[in-house]
Amino acid sequence: MATTILLVEDERKLRELVRSYLERGGFTVLSAGSGAEALSLADSAMPDLVVLDLGLPDVPGEAVAAELRSRGTTPIVMLTAKAGEEDRIRGLEMGADDYVTKPFSPRELVLRCQAILRRGGQPAGGNFQPSRYGDGELVIDEQRRTVRVRGEDVGLTPTEWGVLVALATVPGRVYSRYEIINRTRGYEFEGYERSVDSHVKNLRRKIEADASRPEIIQTVLGGGYRLGISRDG
C-alpha cells in the first residue's frame, strides 16, 4: 500500500506543484486548503505524514500542528515563509519533524519526507530482542518500534525515535549534534545542528521523570548528548 501524505497548503498553484512532485516520488497525496479541512482529513484518512503550511486562511498552522500532535505522533513537516532560526526552533519544539522555508525546492521536500518516513518505518528482518537500560527504566524494542519508560508505553515521533536510538547505540558515549543529525536524518542542511536541541527537549518531556533534571539524556557541554543510563545485562 502506498504511503499517504496529507498536504495542507492554501496557495493552489503551489499545492498542485508540490502534489505532483510527491506523487512522482511514489506517495498517495491528499490535499487541503484550510486548517479545518486538514483536521477533518487527518481524522478520516489517517495519513502517514503531514506537510503543513503555517500561513492558512482560517486558523494558524501552528494551531493545526498542536492539534495534530495532541492526537498522536504522525510526522509533520512545516512549510513557512518565516525563515528566522528562532521561528524554526519554535516550530520544532511544537513537535514538527522538519521545517522547510519558502521558497524551497520541491525535490528537496520529497527527499525530506522520504527520510522521515524511513526513520518511522519497520526495520529489516532479524531476531531483535528489546534492549533494556537502567535496570529496566528504559526499554527500546527496535523490532516493534516501541519505547517503554518506567513501565509505560511512550509515543515518539520518527525524529524523536531516531535521536533516542542513536544515543542508545553506545550508552555513555558522547554524540555531537552533527552525528545525531546524520544518524537520524541521513542528510545534513545548514543550520540544522541546533534543531537537535529542540528534538531532545521534546524527548525529555516524554521520557524523563523530571525534564528539568534529565538523567536519561544528558547534555555534555561543548560536546553534545549521551545516554546517561547503562545497558542492562
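**Helices, strands and sheets in the predicted model**

Helices (H or I, at least four residues) and strands (E, at least two) are DSSP runs, numbered from the N terminus. The structure is a predicted model, in which local features need pLDDT of at least 70 and side-chain atom pairs count only at pLDDT 80 or more, while totals for chains, interfaces and linings use all residues. Residues are numbered from 1 along each chain as its sequence is written, and side-chain values use heavy atoms, with hydrogens and water left out.

In general, an α-helix has 3.6 residues a turn, so residues three or four places apart point the same way. Just after H1, glycine 26 adopts a positive phi of about 95°.

Strand E3 (residues 49-53) is mostly covered, with five of its five residues buried. Leu49, Val51 and Asp53 point one way from E3, whereas Val50 and Leu52 point the other way. Strand E1 (residues 4-8) runs parallel to E3 and is joined to it by four bridges; strands are taken as paired if DSSP finds at least two bridges between them. Leucine 7 stands opposite valine 51 in E3. E3 is also joined by four bridges to strand E4 (residues 76-80), again in parallel, and valine 50 stands opposite isoleucine 76 in E4. From E3 the chain crosses through helix H3 (residues 61-71) to E4, in a right-handed β-α-β crossover. The term right-handed applies if, with the strands pointing away from the viewer, the path from the first strand over the helix to the second runs clockwise. A right-handed β-α-β unit is also made by E4, helix H4 (residues 85-93) and E5. Four bridges link E4 to the parallel strand E5 (residues 98-101), where aspartate 98 stands opposite valine 77.

An open sheet of four strands has the order E6-E7-E8-E9, and its pairing is antiparallel. Strand E6 (131-133) and strand E9 (152-154) stand at the edges with a single partner strand each, so one side of each is left without a neighbour in the sheet. From one strand to the next, the twist averages 25°. Three bridges join E6 to the antiparallel strand E7 (residues 138-141), and tyrosine 133 stands opposite leucine 138 in E7. Helix H6 (residues 158-168) packs on the sheet, touching E6, E7 and strand E8 (146-149), and its direction makes about 105° with that of E7. Contact denotes heavy atoms within 4.5 Å; axes are lines fitted to C-alpha atoms, for helices over the stretch in contact, and angles run from 0 to 180 degrees between N-to-C directions.

Asparagine 202 is located in helix H8 (residues 195-207) and counts as buried because its relative accessibility is 6%. Asparagine 202 touches Leu92, Glu93, Gly95 and Glu160, when residues up to four places away in sequence are not counted.

How values were computed
Buried < 20%, exposed > 50% of the residue type's maximum accessible area, 1.4 Å probe, protein only.
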